[in-house]
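Student: I would like to learn how to read a sheet and its salt bridges. Where should I start?

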Amino acid sequence: MNRKDFLVKGCIGCLSALAVSSGFISCSTTTQYLSGKIVKDGITLDKADFKLSQRGNTDYRSFVIVRNDALKFPICVYRHDENSYSALWMQCAHQGAELQASGDMLTCPAHGSEFNNKGVVTNGPASRNLKTFPVTITDNLLFIDMRKQS
């Protein structure tokens with residue numbers, strides 16, 4: 001096979017794979033980014049922000065990400081069940097890079113540290129868990145208490 005044939009066939013294969021993978025991506029749920037509402041001592045979110053309605057069925061996102069100009073790093077809020085949530089500071093405990101959320105894990109793009117949806121380190125080089133904030137529920141509002149981090 002000459003170089004031209006190799007490049008043509010290789011590009012067609014790459015484009016086909018890209019088209020198939022983009023089809024999968026469009027079918028998956030997308031990450032929900034919110035600014036939240038900054039209130040005294042914390043941030044509030046609506047429980048409805050986790051709802052995901054498709055074809056008449058109601059499902060729930062496993063997490064949303066709060067990005068707000070008042071925050072140095074985003075906060076990933078995981079929904080464990082209707083009355084259980086965890087709020088995790090998305091700064092790696094190793095060297096401070098911003099984490100990426102994927103499913104039930106947060107991953108550091110800098111050195112590969114991984115954390116579960118409760119902020120517990122599952123793969124180093126990080127040796128400390130993430131900073132977390134207590135989440136309380138009143139009616140349909142979540143309150144992330146920024147005064148109390150652990």
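Predicted model: local features only at pLDDT ≥ 70, side-chain atom pairs only at ≥ 80, totals over all residues.

Student: Over how many bridges do S3 and S15 pair?

Tutor: Five bridges join S3 (residues 42-46) to S15 (residues 141-145), in the antiparallel sense. Within that pairing, Ile43 is opposite Ile144 of S15.

Student: How many salt bridges does a search of the whole structure find?

Tutor: The search finds three. In one of them, Arg147 meets Asp41 at 3.4 Å, N to O. Arg147 is in the segment after S15 and Asp41 in the loop between S2 and S3, so the pair ties together parts 106 residues apart in sequence.

Student: Is Asp145 buried or exposed?

Tutor: Asp145 counts as buried because its relative accessibility is 6%, and the cut-off for buried is under 20%. Its side chain forms a salt bridge with Arg147 at 2.8 Å, N to O. Arg147 itself counts as exposed, at 51%, while Asp41 is partly exposed, at 30%.

Student: What does Arg67 meet in a salt bridge?

Tutor: The side chain of Arg67 meets that of Glu98, at 2.7 Å, N to O. Arg67 lies in the loop between S6 and S7 and Glu98 in the loop between S8 and S9, so this pair ties together parts 31 residues apart in sequence.

Definitions and conventions. Residues numbered from 1 in each chain as written. Heavy atoms only, no water. Pairing = 2+ DSSP bridges. Helix = DSSP H or I, 4+ residues; strand = E, 2+ residues; numbered from the N terminus. Salt bridge = Lys/Arg side-chain N within 4 Å of Asp/Glu carboxyl O. Buried < 20%, exposed > 50% of the residue type's maximum accessible area, 1.4 Å probe, protein only.
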